[in-house]
Amino acid sequence: MSSQVLQKLSSKSDAAALRSDTQIIRRFFEHIDNKTTDRGETVWTEPVANYQSPDRLADELALIRRRFVMFCPSLALAKTGDYIARTAAGTPLIAVRAEDGSAKVFRNACRHRGVKLADGQGCKRALVCPYHGWTYGLDGQLKNIPHQDGFPGFDPEANGLVAVPSQEIGGLIYVGQEATGDAASELDVIPALIPDDHALISIEELEIEANWKLLLESSLEGYHIRALHSRTFYPRQYDNLTIVEEFADNNRIAFPYQTIESLRKKPEQDWSTNGRLTYVYHLFPNVVVSTFPDCMQVVVLEPLSPNRTRQHTYLLGRGKLDEAGEPDALRQSILDGQEFSKTGAIEDRDAVIAGQQGLNSGANTHLTFGLFESAIGRLHACLRREIG
Ligand code: FES
Ligand SMILES: [Fe+2]
């Protein structure tokens with residue numbers, strides 16, 4: 001990548017506003033008519049060692065802990081007492097909807113002997129440690145110690161759960177585990193991504209034998225649509241046709257469906273991207289939010305080791321579960337619609353796992369990302385700027 005581009009990357013104030021839906025659709029029509037697509041300026045080469053080195057992974061985890069990173073969608077904490085507990089960059093955390101309506105994020109460890117208070121998802125009126133029953137309010141305060149007389153001099157008020165800095169913005173809850181200074185201002189450029197009319201449909205956790213960046217890279221380009229998705233996405237989409245935009249360290253890649261053609265006959269004020277294209281928002285470093293017809297996926301890639309990643313997927317669907325009257329029917333119709341994209345996602349995953357195995361072949365010292373894969377080059381350039 002040229003020094004000019006690296007220089008541009010180093011300035012966060014450069015974040016350009018994202019195009020409107022209408023501008024995106026217009027640009028796709030130009031690309032379709034001219035048989036073109038968005039192209040980056042340079043080819044990026046990334047050392048294979050950066051996918052294999054435990055030291056590099058440790059640096060990447062430290063970076064994730066320094067930034068404000070999406071932990072879960074607000075819809076996963078829809079009502080008081082709802083919680084999500086998982087590790088983030090190796091740290092066990094628990095996010096909970098408190099009685100005052102705010103989202104709190106705590107280090108998931110009891111103040112007695114450090115046991116995790118909960119796992120996975122659920123709803124509780126209080127957080128009760130499973131080991132000896134110490135009980136914390138949803139605000140993290142230590143409310144009850146059984147047989148407290150055995151702890152003379154111990155101050156419950158000073159020993160609530162340890163809070164982690166968090167921000168709830170635009171329908172997403174972010175944590176900045178070790179964030180300092182104005183790290184939260186990184187979130188200013190992220191548009192509100194979750195529409196008001198969506199509900200949580202499902203939460204899925206999957207462990208994959210691949211480096212987290214290989215998984216992320218598979219979402220950031222449309223150059224593989226014809227070869228890899230010949231029977232799934234290619235018949236309904238386009239090969240190698242994307243619009244790539246950057247905002248601060250983040251990227252948005254738009255992938256059109258062939259249904260976009262029907263908009264040519266409609267006046268622009270009636271244009272809608274729902275069912276016409278997928279937006280993939282890459283929120284640096286390890287989060288991807290994608291739009292699909294009537295639903296969205298929020299994915300966090302949790303690096304476990306250089307060759308293992310836990311993928312957390314939150315599926316959100318259009319429609320209020322409570323107003324629909326038939327929550328299961330709504331959930332089922334969204335899940336049925338996802339079956340098709342799941343097949344495509346398995347194709348991506350298999351290619352990524354094969355790519356992980358290929359790293360060990362010794363064939364390549366570097367991986368090469370072409371002009372159509374510019375968002376991946378940016379990902380690596382931003383990592384290089386942050387980590388060195
Ligand atoms: S470790 Fe939690 S109550 Fe003992
Ligand atoms: Fe793909």
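**Figure 1. Helix H8 gives the most to the lining of the largest pocket, with eleven residues.** The model shown is predicted, and local features need pLDDT of at least 70, side-chain atom pairs count only at pLDDT 80 or more, and totals for chains, interfaces and linings use all residues. Residues are numbered from 1 along each chain as its sequence is written, chains are lettered from A and ligands numbered from 1 in the order in which they are written, and side-chain values use heavy atoms, with hydrogens and water left out. The lining of the largest pocket comprises 44 residues, and Phe 233, Phe 292, Gln 297, Ser 341 and Ala 345 lie nearest its centre. Two or more lining residues come from each of strand S12 (198–208), helix H5 (212–217), strands S15 (277–283), S16 (287–292), S17 (295–305) and S18 (308–318), and helix H8 (327–359). The volume of this pocket is about 1100 Å³, and its lining has 20 nonpolar, 17 polar and seven charged residues. On a 1 Å grid over the protein atoms alone, a pocket is an open set of points with protein on both sides within 12 Å along at least five of seven lines, a cavity is a set of points where a 1.4 Å probe fits but cannot get out, and lining residues have an atom within 4 Å of a point. Grid points are joined across faces, edges and corners, and a volume is the space filled by probe spheres set on the points. Helices (H or I, at least four residues) and strands (E, at least two) are DSSP runs numbered from the N terminus. Ala, Val, Leu, Ile, Met, Phe, Trp, Tyr, Cys and Pro count as nonpolar, Asp, Glu, Lys and Arg as charged, and the others, Gly among them, as polar.

**Figure 2. The iron ion (ligand 2) is coordinated by His 224, His 229 and Asp 348.** The two histidines each donate NE2, while Asp 348 is listed with two OD donors, at 2.0 to 2.6 Å; donors are N, O and S atoms within 2.8 Å of the metal (3.2 Å for Na, K and Ca), and water is not among the atoms, so sites may look incomplete. The angles among the four donor atoms are 55 to 150°, and the site is irregular. Four donors count as tetrahedral if all angles lie between 85 and 135 degrees, four count as square planar and six as octahedral if opposite donors are over 155 degrees apart and all others between 65 and 115, and anything else is irregular. Along the sequence the donor residues follow the spacing H-x4-H-x118-D. His 224 and His 229 are both buried, where buried means under 20% relative accessible area, exposed over 50%, and partly exposed in between (1.4 Å probe, protein chains only).

**Figure 3. The structure holds one cavity of 30 Å³ or more.** The largest cavity has a volume of about 70 Å³, and among the residues that line it are Ile 64, Met 70, Arg 86, Ala 89, Asn 286 and Glu 302. Strands S2 (69–73), S3 (82–88) and S17 each supply at least two lining residues, with S2 giving the most, three residues. By class, eight of the lining residues are nonpolar, two polar and two charged. Ala 89 is found in the loop between S3 and strand S4 (91–97); phi of Ala 89 is near 50°, a positive value in a residue other than glycine, and Ala 89 counts as buried at 2% relative accessibility.

**Figure 4. Seven aromatic pairs are counted.** Phe 29 and Trp 271 form an edge-to-face pair, 5.6 Å centre to centre with 85° between the planes. Phe 29 lies in helix H2 (21–34) and Trp 271 in the loop between strand S14 (250–256) and S15, so the pair ties together parts that are 242 residues apart in sequence. Phe 29 and Trp 271 are both buried. The rings of Phe 247 and Tyr 281 are also edge-to-face, because their centres are 6.4 Å apart and their planes at 85°. Rings of Phe, Tyr and Trp (its six-membered ring) pair if their centres lie within 6.5 Å, and planes under 30 degrees apart count as stacked, over 60 as edge-to-face and the rest as tilted. Ring pairs also link Trp 134, Phe 151 and Phe 154 into a cluster.

**Figure 5. A cis peptide bond joins Phe 284 and Pro 285.** Omega of this bond is about 0°, and Pro 285 lies in the loop between S15 and S16.
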